[in-house]
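Q: Could you walk me through this model? I'd like to go from the strands to the helices and then the overall layout.

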Amino acid sequence: MYGSILDTIGSPLVQVDSPEGVTVAAKLESFNPGGSAKDRPAMQMIKTAEREGLIEPGDRLVEPTSGNTGIGLSLVCAARGYDLTIVMPAGKSKERQQIMAAYGAELELIEGDMTDARNRADELEAEGAIQLGQFDNPANPEAHYQTTGKEIIEQVGGREIDAFVAGVGTGGTLSGTGRRLREAFPDVEIIAVEPERNAILSTGEAGHDEFQGMGPGFVSENLDRDLIDRVETVRLEEAEAECRRLAREEGLLVGQSSGAMSVVSKQIARDIADPDLECPTPPRTFDEPMPEADGGAVVEDCPLVVTVFWDSGERYLSTGLFDLE
Ligand SMILES: Cc1ncc(COP(=O)(O)O)c(C=O)c1O
């Protein structure tokens, strides 16, 4: 039995559809109690601020967020006894707003984008609220270094990771997980992903896109660009089509950015596949366990691409993402 809902943060690493001669595995972050990877930085930012004596239960916190961080913070604030105001662009999905409200957070919806949300949060901070600042708070990547990266290394069971594919919002996932994986596997290739129409890392210019969670329109301070070997872009339509395929063909209900990760991970996997190897591919029979890395040289030699599926497709139902074409 766990002592608190916060002790249940963590997720499984699951093999997904993989081209021949290579394995693709995704961290299914919807298993976290708040339903996304953002439970991790939310808890770490509050834990660190408490330890540094900056906040204590009963304080009012404020955060600009397009959704998942808001949900993670709402959960942690409810469990730890903080008041929370979330500032978010009005256009983001309705489900996210309802979930934050259910956890007791106050929502301030503003016209505009994440930059406008950040400006408004700064105003509330000037009025006395405490801002955790996921874009520049080192506790955000640290959470992924301490948990996501550590879990992945344990979960691959001794196999070498050849490539890590991560979309970029605050950059916390890529930077923290990437740093941990690079320490364990110095040759791992780290691939950043961003929306094709809002590709600031690739083009130096912000654009506009409906991708939720990726492509904030500026380069986050929490993004460690030195870790990145390559940047790939994905069109929203392609990512959403992949979400529908993942749900119908693999039983994986995930959101837009996860669809984008699947698209890019498969491209990378095809590039590094070794067609002479018989790598296990799902679906396997009910009685066939996942071969352990040390259970056979073949599996151990299969190139391995690891990625992150940030949240569940349930969070996107109102956007029409899964409506029949
Ligand atoms: C759905 C989704 N995808 C991707 C990301 C990007 O993660 P990070 O902020 O760690 O770069 C986020 C972050 O909020 C997200 O909510």
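A: Gladly, and one definition comes ahead of the details: two strands pair if DSSP finds at least two bridges between them. This is a predicted model, in which local features need pLDDT of at least 70, side-chain atom pairs count only at pLDDT 80 or more, and totals for chains, interfaces and linings use all residues. Residues are numbered from 1 along each chain as its sequence is written.

Q: Fine, so what stands opposite Ala 25 in S2?

A: Gln 15 stands opposite Ala 25, and strand S1 (residues 13-16) is joined to S2 by 4 bridges, running antiparallel. S1 and S2 form a hairpin with 6 residues between them, and Gly 21 in the turn has a positive phi of about 80°. Strands here are DSSP runs of E of at least two residues, helices are runs of H or I of at least four, and both are numbered from the N terminus.

Q: And which residue of S10 is the bridge partner of Ala 25?

A: That partner is Val 306, and 6 bridges join S2 to strand S10 (residues 304-309), with the two running parallel.

Q: Is S2 buried or exposed?

A: Strand S2 (residues 23-28) is mostly covered, with 6 of its 6 residues buried, where buried means that 20 or more other C-beta atoms lie within 10 Å of the residue's own, exposed means 12 or fewer, and partly exposed is in between, with C-beta atoms placed from the backbone. Both faces are covered, with Thr 23, Ala 25 and Lys 27 on one side and Val 24, Ala 26 and Leu 28 on the other.

Q: Switching topic, what is the strand order in the open sheet of 4 strands?

A: The order is S5-S4-S3-S6, with parallel pairing. Strand S5 (106-110) and strand S6 (130-131) stand at the edges with a single partner strand each, so one side of each is left without a neighbour in the sheet. Strand S4 (residues 83-89) pairs with S5 over 5 bridges in the parallel sense, and Pro 89 has Ile 110 of S5 as its bridge partner.

Q: Which residues of helix H3 are buried?

A: In H3 (residues 94-102) these are Arg 96, Ile 99 and Met 100. They cover an arc of only 100° around the axis, taken from the directions from the helix axis to the C-beta atoms, which puts them on the same side of H3. The face turned away from that buried side carries the exposed residues Lys 94, Gln 98 and Ala 102.

Q: What do the buried ones pack against?

A: The buried residues of H3 pack against helix H2 (68-80), S4 and S5, a contact being two residues whose C-beta atoms, placed from the backbone, lie within 7 Å. After H3 comes Gly 104, whose phi is positive, near 95°.

Q: One last thing, why does Glu 56 count as exposed?

A: Glu 56 counts as exposed because it has 11 C-beta neighbours inside 10 Å, and its place is in the loop between helix H1 (39-51) and S3.
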